[in-house]
Amino acid sequence: MANFLEKWTSKKADKPKAGARNVVDTFRARVAEQKAYLEEYERDAAGFKKWRSTWFQRVPGGYGVTVGRDSINAGRGLSYVVVDTIKDVAEFLDDLAYHAEHDVGFQQALEQNRQRRVALLNAAKTGGKATTSKAKAKAKPVAAKPAAAKPATAKTSTRATRAKAAVAAPAPAAAEAAKPKRTRRTKAAGAAE
């Protein structure tokens with residue numbers, strides 16, 4: 001065990017933080033991934049099965065290449081091209097990586113796309129929790145009891161009854177007009193009387 005610690009403690013490093021890469025580095029990594037898929041496709045075109053992950057597809061007349069998985073364009077609406085050969089696909093990917101490094105407008109588009117994706121992910125996370133709490137609230141509706149279910153005691157004055165009605169939560173207009181809603185009296189309301 002001591003040899004293990006001696007060997008690896010000299011190479012100890014901090015873990016990279018999430019989101020440490022900027023959008024250009026992330027995009028360049030995606031382009032490199034696409035080039036690896038392209039090389040794999042060149043080696044065995046018939047056996048290639050990763051079409052869902054690629055930015056390129058076989059189309060009539062050649063290969064269709066998208067700018068990326070996201071709804072971004074490389075400027076002036078350019079987001080999809082059709083090229084003749086695999087070599088053209090590789091050249092397009094190289095030029096796209098160069099464009100991402102040097103074109104400030106494209107870098108801004110990448111950043112805006114990243115922010116949009118983060119917002120969508122955050123909305124999906126909070127929306128899912130909100131949906132479940134809304135569903136729980138709908139699953140347990142408050143039952144309205146008729147006013148005549150319990151007769152009022154002699155101690156209750158008309159002023160207390162009015163105060164109870166004012167404290168009660170608002171009900172649908174039709175139900176409110178037909179039946180007054182009764183609620184429990186809180187300790188604070190009881191002490192005030």
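**Figure 1. Secondary structure of the protein chain.** The chain has 7 helices and 3 strands, in the order α-α-β-β-β-α-α-α-α-α from the N terminus on. Helices (H or I, at least four residues) and strands (E, at least two) are DSSP runs, numbered from the N terminus. This is a predicted model, in which local features need pLDDT of at least 70, side-chain atom pairs count only at pLDDT 80 or more, and totals for chains, interfaces and linings use all residues. Residues are numbered from 1 along each chain as its sequence is written, and side-chain values use heavy atoms, with hydrogens and water left out. Of the 193 residues, 20% count as buried; buried means under 20% relative accessible area, exposed over 50%, and partly exposed in between (1.4 Å probe, protein chains only). Among contacts with a separation of 6 or more, 45% join residues 24 or more positions apart, where contact means heavy atoms within 4.5 Å.

**Figure 2. The largest nonpolar core.** This core holds 28 residues, of which Phe 27, Phe 56, Val 65, Val 89, Leu 96 and Phe 106 touch the most other members. Helix 2, strand 2, strand 3 (80-83), helix 3 (86-102) and helix 4 (104-139) each supply at least two of the core residues. The most come from helix 3, with 8 residues. A nonpolar core is a set of buried Ala, Val, Leu, Ile, Met, Phe, Trp, Tyr and Cys residues joined through side-chain atoms within 4.5 Å. Leaving aside neighbours within four places in sequence, Leu 96 is in contact with Phe 27, Trp 55, Val 67, Ala 74 and Phe 106.

Figure 3. The structure holds 9 aromatic pairs. Rings of Phe, Tyr and Trp (its six-membered ring) pair if their centres lie within 6.5 Å; planes under 30 degrees apart count as stacked, over 60 as edge-to-face and the rest as tilted. The Tyr 41 and Tyr 63 pair is edge-to-face because the ring planes stand at 80 degrees, with the centres 6.0 Å apart. This pair links distant parts of the chain, 22 residues apart: Tyr 41 lies in helix 2 and Tyr 63 in strand 2 (residues 62-66). Tyr 41 and Tyr 63 are both buried. For Phe 48 and Trp 51 the ring centres are 5.0 Å apart and the planes are at 80 degrees, so this pair is also edge-to-face. Phe 48 and Trp 51 are both buried. Tyr 41, Phe 48, Trp 51, Phe 56 and Tyr 63 form one aromatic cluster.

**Figure 4. Surroundings of Gln 34.** Gln 34 is placed in helix 2 (residues 23-43) and counts as buried because its relative accessibility is 0%. Apart from neighbours within four places in sequence, Gln 34 is in contact with Ser 53, Thr 54, Trp 55, Phe 56, Arg 69 and Leu 93.

**Figure 5. Asp 84 in the loop between strand 3 and helix 3.** Asp 84 has its place in this loop and counts as exposed because its relative accessibility is 57%. The C-alpha atoms of Asp 84 and Gly 62 are separated by 4.3 Å, although the two are 22 residues apart along the chain. With neighbours within four places in sequence left aside, Asp 84 is in contact with Gly 61, Gly 62 and Tyr 63.

**Figure 6. Trp 8 in helix 1.** Helix 1 (residues 2-9) contains Trp 8, which is partly exposed because its relative accessible area is 41%.
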